[in-house]
Amino acid sequence: MSIISKLLGKSPFEPLHQHMLKVKECVDLIRPLVDSLVKEEDEKVEEYAKKIAYAEHEADLVKKEVRNNLPKGLFLPVARGDILRFLKEQDNIADSAEDFAVLITLRKTKLPDELKDDLKEFVDEVLETFNMAVKVSNEINILAETSFGGVEAEKVVDLIENLKTKEWEADKAQMKTCRKMFSLEGKMDPISVIMWMHIFKELGNLANHSENAGDQIRIMLHNSKK
């Protein structure tokens, strides 16, 4: 029996957090990938993209094990469906990280020098959003111990509000980067503009799914009171 399966025999909440840690291994590779992209180190970009794909695959295996072994008869403080939806949003984060890397390597699309700082700032905001989602996930075991109520629940609600603020900052960074790109479109071929729009969108999706994961925990908090 695997470690995850053993944990699931006790509680589904620690495995959920273990899945988030696997997702983090995937997302943590985005910054070095972008740094290599900015420096036009094509071989390193390809290398990090492959590492992201492998990390996403590992996270996917953990997700499947958590989902397939989630006890149906175990008394839980929250609905099984809410747990599965939270797991899905965590999975979506890893998927967006992989899709971002795929789009970067699908076509050798040059990043204009004028966009490099904006992209790095955008990445910073997205990763801050994700890391706030990790902080929320860190609390899930304590929430389970307190039946998703009390002082711990209030603390998590505050973290979720901070997460929503971070996602808003990421949205603003995405808009700023897109506007900067459109100011340069006369210097860029149309396909490059389209590719970068897709790349920016996928990066923004990572922040969106991070916020959605927090929202799913908020739903657990709300539904546990019913």
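## Basis of the model

The model is predicted, so local features need pLDDT of at least 70 and side-chain atom pairs count only at pLDDT 80 or more, while totals for chains, interfaces and linings use all residues. Residues are numbered from 1 along each chain as its sequence is written, and side-chain values use heavy atoms, with hydrogens and water left out.

## Helix 4

Helices here are DSSP runs (H or I, at least four residues), numbered from the N terminus. Helix 4 covers residues 42–69, which is 28 residues. The expected span of a helix is 1.5 Å times one less than its number of residues.

A residue is called buried under 20% relative accessible area, exposed over 50%, and partly exposed in between (1.4 Å probe, protein chains only). The buried residues of helix 4 include Val-45, Tyr-48, Ala-49, Ile-52 and Ala-55.

A salt bridge is a side-chain nitrogen of Lys or Arg within 4 Å of a carboxyl oxygen of Asp or Glu. Side chains of opposite charge can pair when their charged atoms come close. The whole structure holds 26 salt bridges.

One of them joins Asp-60 and Lys-64, with N to O at 3.7 Å. The two residues are 4 apart in helix 4, so about one helical turn separates them. An α-helix has 3.6 residues a turn, so residues three or four places apart point the same way. Asp-60 counts as buried at 17% relative accessibility, whereas Lys-64 is partly exposed at 37%.

Arg-107 forms a salt bridge with Asp-189, and their closest N and O atoms are 3.5 Å apart. Arg-107 lies in the loop between helix 5 (80–106) and helix 6 (113–138), and Asp-189 in the loop between helix 8 (150–183) and helix 9 (190–223), so the pair ties together parts 82 residues apart in sequence. Arg-107 is partly exposed at 28%, and Asp-189 is partly exposed at 33%.

Glu-128 and Lys-166 form another salt bridge, with the closest N and O atoms 2.9 Å apart. Glu-128 is in helix 6 and Lys-166 in helix 8, 38 residues apart, and the pair links distant parts of the chain. Glu-128 is partly exposed at 37% relative accessibility, and Lys-166 is partly exposed at 27%.

## A shared network

Salt bridges that share partners join Asp-60, Lys-63, Lys-64, Lys-88 and Asp-91 into one network.
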